[in-house]
Amino acid sequence: MGQNYLDNGWISILITLAMVFMVLLNIMRAHNVKDLFIRRIAGLNAIDEAVGRATEMGRPVLMVPGLTDTTVNAKTMQAINIFAYVSRVAARFANPILVCCYNASTYTIAQEIIRDVYQQEGLIDRYDVDSVRFISDRQFAFAAGVAGLILREKAAATFFMGEFYAESLILAETANSVGAIQVASSTEMTQTPFFIAACDYVLIGDEFYAASAFLTRHPVLVGSLIGQDWCKLAIAGLIAIGVAANSFQLAGGSHNTTSKAWNEGKFDTLPKPKPFGAGDTTLSRWLNPDPAKDIKIERPQLPPDQIPSGGGN
Amino acid sequence: MIDIAAQLVPKTMWNAPNNSTELWTRIVLALLVGIALFVGLLNAPIQLRKPIIFTVTFVSGLFYVLFWLYPAPINRQPSDGPRNTFEALSFWISDSQGVIADLTNIIASFLIGLGIYSLMRVHIGKIKKQQRDWEFSVVLVSSMVLMVIFGYVDFYMRLQPGNSKMAGSGYVGWTFWQFGKDLLFNGLLQNMDAGMFSIVAFYILSAAYRAFRARSIEATILLLTALVVMLSLMGLVEFYWAQGVDAMHLSNNFKLDNIARWLRGNFQTPAIRGIDFGVGIGLLAMGLRLWLNLDKTGSDA
Amino acid sequence: MATNDPIVKKDFAEALQSVPKPVLYLVLFLFAGLPLFFPVKLPNKPIDASIDCFAQLMSLPEGSKVLIASDWTNSTRGESMGQMEALLRILMRKKIKFVVYTVADPQAPEVARFTIRKVAAEEAKAGGYGYKPFQDYLVLGYYPNAEGTTTAINNKFLSICEGKKDYPEDSPPMDVLRSPVLQGVKSVADFKDLVLVTASSTNTVVIERVTKVPLIFMVTGVMVPENTTYYASGQLKGLCGGVKGVYDLETLMEYGLNVDGPHKITSDKYSEVIPGFPGKQNEGKGTAYYPSLHFALFLLIIAVVAGNVGMILAKRRAG
């Protein structure tokens with residue numbers, strides 16, 4: 001079988017599996033370790049303060065778990081996890097909440113989890129079924145709907161977490177105009193600057209994924225966080241190795257030539273040497289696998305009525 | 001006529017010939033199994049629900065893990081059959097990916113019904129009780145109903161053999177339904193979308209004016225780099241800044257576009273890469289916890 | 001309502017720091033709106049990413065095929081429609097057939113069709129080849145599930161075409177697999193490029209999944225920093241970002257690259273001469289909207305500087 005199957009680039013798979021191993025190993029280890037330090041995340045410290053302020057003002061806390069298309073993904077789940085904590089605090093303060101959902105899948109899951117939170121707190125009578133709402137799955141219709149809710153309900157605290165796009169600033173500036181305390185986080189790099197400009201607290205990058213561990217200190221989550229840090233260190237190490245290895249191979253600049261070219265899974269000898277470029281380095285070859293288009297493989301042929309019309313791969 | 005349940009010229013284990021008895025049998029069987037599953041899940045004891053959810057999540061995730069990690073067949077031709085069991089699995093994974101993706105879409109389509117139910121409950125309730133701002137709810141409900149009616153009638157009419165000219169430009173063959181849909185979709189929805197988006201420009205100005213203040217050293221550095229990048233996007237400023245600069249002179253490095261390029265290449269791009277690594281690894285860890293049921297959701301934790 | 005509160009008069013420093021929002025919005029409206037009525041042609045130096053985009057598109061051999069992912073709607077037409085128009089002008093002038101698909105938004109295919117028809121009519125009117133639907137281009141329509149569809153495009157392109165119909169001119173919808181555009185196409189590698197015109201997060205979906213065809217991205221202004229990482233790493237053959245990117249393309253289409261003349265555009269990366277399309281309709285939304293962007297940026301700088309001057313004055317006064 002061998003190389004005929006190597007279409008995906010084994011080194012990328014190896015790195016991914018190594019990272020999976022590091023995360024799982026630390027999750028197992030964390031059960032035995034107590035009181036691990038997690039640095040302070042200002043936006044999460046502010047949750048109690050924001051909900052408390054909303055209670056004093058008698059105004060709702062509004063949450064948006066991002067604008068994920070069609071189905072729920074890990075980002076939405078993480079946002080809902082954080083909102084479960086916010087809702088728990090709000091339930092204890094008997095403060096109204098509003099969770100605005102962009103798609104129907106998020107709506108159903110958010111409704112389940114938030115109702116569970118109220119149930120666990122023994123405050124199910126305070127749970128309003130309309131507090132978790134599906135607004136629209138059209139981006140700007142959703143933005144208009146949520147902006148309208150913020151203005152009409154005069155939300156005292158707003159939490160925007162998950163995937164946000166061009167509507168981020170519309171939501172954040174509208175909430176700012178009614179004086180709401182805002183905690184936000186976007187997994188989309190493009191929107192983080194807008195949130196930083198308009199919100200009180202912003203979780204940047206993977207702080208969003210650290211939030212559950214920070215809020216609950218659950219061993220699984222804390223272990224996962226340590227695993228993530230190991231992965232980051234490993235990546236930093238790989239970058240350092242990559243820089244050194246490529247610099248070594250590319251040393252000599254334009255005087256450095258090669259007469260070999262990697263082609264279709266093997267080295268071809270060139271008639272005339274060419275400058276040794278970044279694409280000729282060993283690392284580049286490892287990380288950019290050749291799909292070996294010309295390898296012919298003899299396979300048994302299907303009968304005509306069994307041949308799919310969609311072609312091969 | 002629309003060919004209901006039309007299937008492709010086959011053949012994988014997932015489909016059957018058009019209008020064949022096999023196809024209809026499969027549809028009916030799938031429906032029955034679906035109903036049985038639905039009823040079964042509704043009546044499942046509470047202590048069984050978590051294992052069921054775990055199993056479904058694990059199996060669904062396992063497919064995509066295999067899809068990405070299991071060796072894909074190389075140079076597979078349409079007429080090729082698998083050589084051995086190892087390859088048969090890779091063929092099956094490759095053939096099934098589209099079907100699994102469709103399953104996700106089907107589940108999402110059912111959930112839209114739930115979403116509409118939520119929307120209607122809130123807004124029809126508001127209209128009935130004539131609560132504050134109930135007029136907006138009337139607009140919402142009537143817009144939704146009108147868009148659905150006009151959209152479907154127009155879609156159906158365009159599929160009819162005699163109406164092929166409708167798709168072209170110039171309103172040829174258009175009736176009340178096409179003009180109605182055009183007004184609702186192109187005339188209203190698209191422009192309101194664009195209108196909402198254009199608000200961002202105004203909000204960028206007010207947010208930047210309020211937030212971009214040199215209150216600390218870090219904020220001052222941010223402010224100055226932002227100014228350089230914004231100036232570099234202004235052709236007029238860039239043009240006059242570069243006047244008289246010799247390309248071979250040291251001053252060439254201080255041309256606006258070169259400073260902006262240096263900032264982008266040496267600060268912005270590496271910073272974004274660093275954050276992207278963090279986000280990617282966070283997503284991987286979160287995905288693993290969900291897949292293996294290790295995650296404690298907010299309600300459990 | 002009358003009150004007994006004393007009227008507090010703001011001093012200059014305070015006034016600079018607290019310009020009311022309606023005033024800011026009105027000034028922006030004027031700064032961005034007026035240039036649309038009084039068009040001016042501003043000087044421009046195309047950036048490397050746009051030059052790469054132009055060079056890659058111009059290197060396509062006549063008669064080749066290109067796959068276009070059109071993931072934008074009217075909300076970003078200021079940027080995305082300009083990019084799409086510039087792209088289509090280049091493709092149509094080089095007689096390159098193309099297939100358009102969408103994974104971001106159900107509104108997108110309709111907007112793409114509209115833009116293609118418009119540019120095709122303009123080109124035909126100017127004496128060019130009039131592109132006909134189904135014969136010269138295909139619009140596959142909208143696919144939900146961006147991740148699944150994009151994976152399928154990379155692994156088994158024709159599977160996404162099965163069962164899809166498009167509208168030939170003056171005849172009922174037909175199976176797209178019968179279109180001349182798809183003749184000879186077995187996999188995505190049979191397209192010379194995949195050009196993604198997007199205003200949504202489909203950029204990462206494509207980067208992660210499409211490996212068999214060179215990629216060119218045309219993205220909105222706010223998406224440029226994120227996509228510059230992929231461009232810098234060589235994963236993208238070209239990147240056209242926002243209105244500035246469109247204006248760069250239009251400038252390059254007008255004056256070419258390394259073509260001698262009063263407006264000669266050069267690049268360290270390219271020594272060969274790549275002529276543009278002088279004398280043809282090259283000006284589009286980039287040329288029309290760039291002055292608005294220019295003056296809006298100017299206003300933004302003024303507002304930020306004014307706010308900071310006000311803050312510094314107030315600090316000095318407070319000691």
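**Exercise 1.** In what order do the six strands of the open sheet of chain C stand, and is the pairing parallel or antiparallel?

*Solution.* The structure is a predicted model, in which local features need pLDDT of at least 70 and side-chain atom pairs count only at pLDDT 80 or more, while totals for chains, interfaces and linings use all residues. Residues are numbered from 1 along each chain as its sequence is written, and chains are lettered from A and ligands numbered from 1 in the order in which they are written.

Step 1. Strands are DSSP runs (E, at least two residues), as helices are (H or I, at least four residues), numbered from the N terminus. Two strands pair if DSSP finds at least two bridges between them.

Step 2. The order in chain C is β3-β2-β1-β6-β7-β8, and the pairing is parallel.

Step 3. β3 (137-142) and β8 (238-241) of chain C are the edge strands, each pairing on one side only.

Step 4. As an example of a pair, β1 (residues 65-71) and β2 (residues 97-102) of chain C are joined in the parallel sense by five bridges. Within this chain, C:L67 has C:V99 in β2(C) as its bridge partner.

**Exercise 2.** Determine how α5 of chain B and α2 of chain C are placed relative to each other.

*Solution.* Step 1. Axes are lines fitted to C-alpha atoms, for helices over the stretch in contact, and angles run from 0 to 180 degrees between N-to-C directions. The axes of α5(B) (residues 176-211) and α2(C) (residues 21-37) come within 10 Å and cross at roughly 125°.

Step 2. Angles under 35 degrees count as roughly parallel, over 145 as roughly antiparallel, 65 to 115 as roughly perpendicular and the rest as oblique. The two helices, α5(B) and α2(C), are therefore oblique to each other.

Step 3. Residues are in contact if their C-beta atoms, placed from the backbone, lie within 7 Å. From α5(B), B:A201, B:F202, B:L205, B:S206 and B:Y209 meet C:K21, C:L24, C:Y25, C:L28 and C:A32 of α2(C).

Step 4. Ala, Val, Leu, Ile, Met, Phe, Trp, Tyr, Cys and Pro count as nonpolar, Asp, Glu, Lys and Arg as charged, and the others, Gly among them, as polar. The contact of α5(B) with α2(C) has eight nonpolar, one polar and one charged residues.

**Exercise 3.** Describe the side of chain C that touches chain B.

*Solution.* Step 1. In this contact, 50 residues of chain C meet 45 residues of chain B.

Step 2. The largest share of the chain C side, eleven residues, is given by α10(C).

Step 3. By class, this side divides into 21 nonpolar, 19 polar and ten charged residues.

Note on methods: Two residues are in contact if their C-beta atoms, placed from the backbone, lie within 7 Å.
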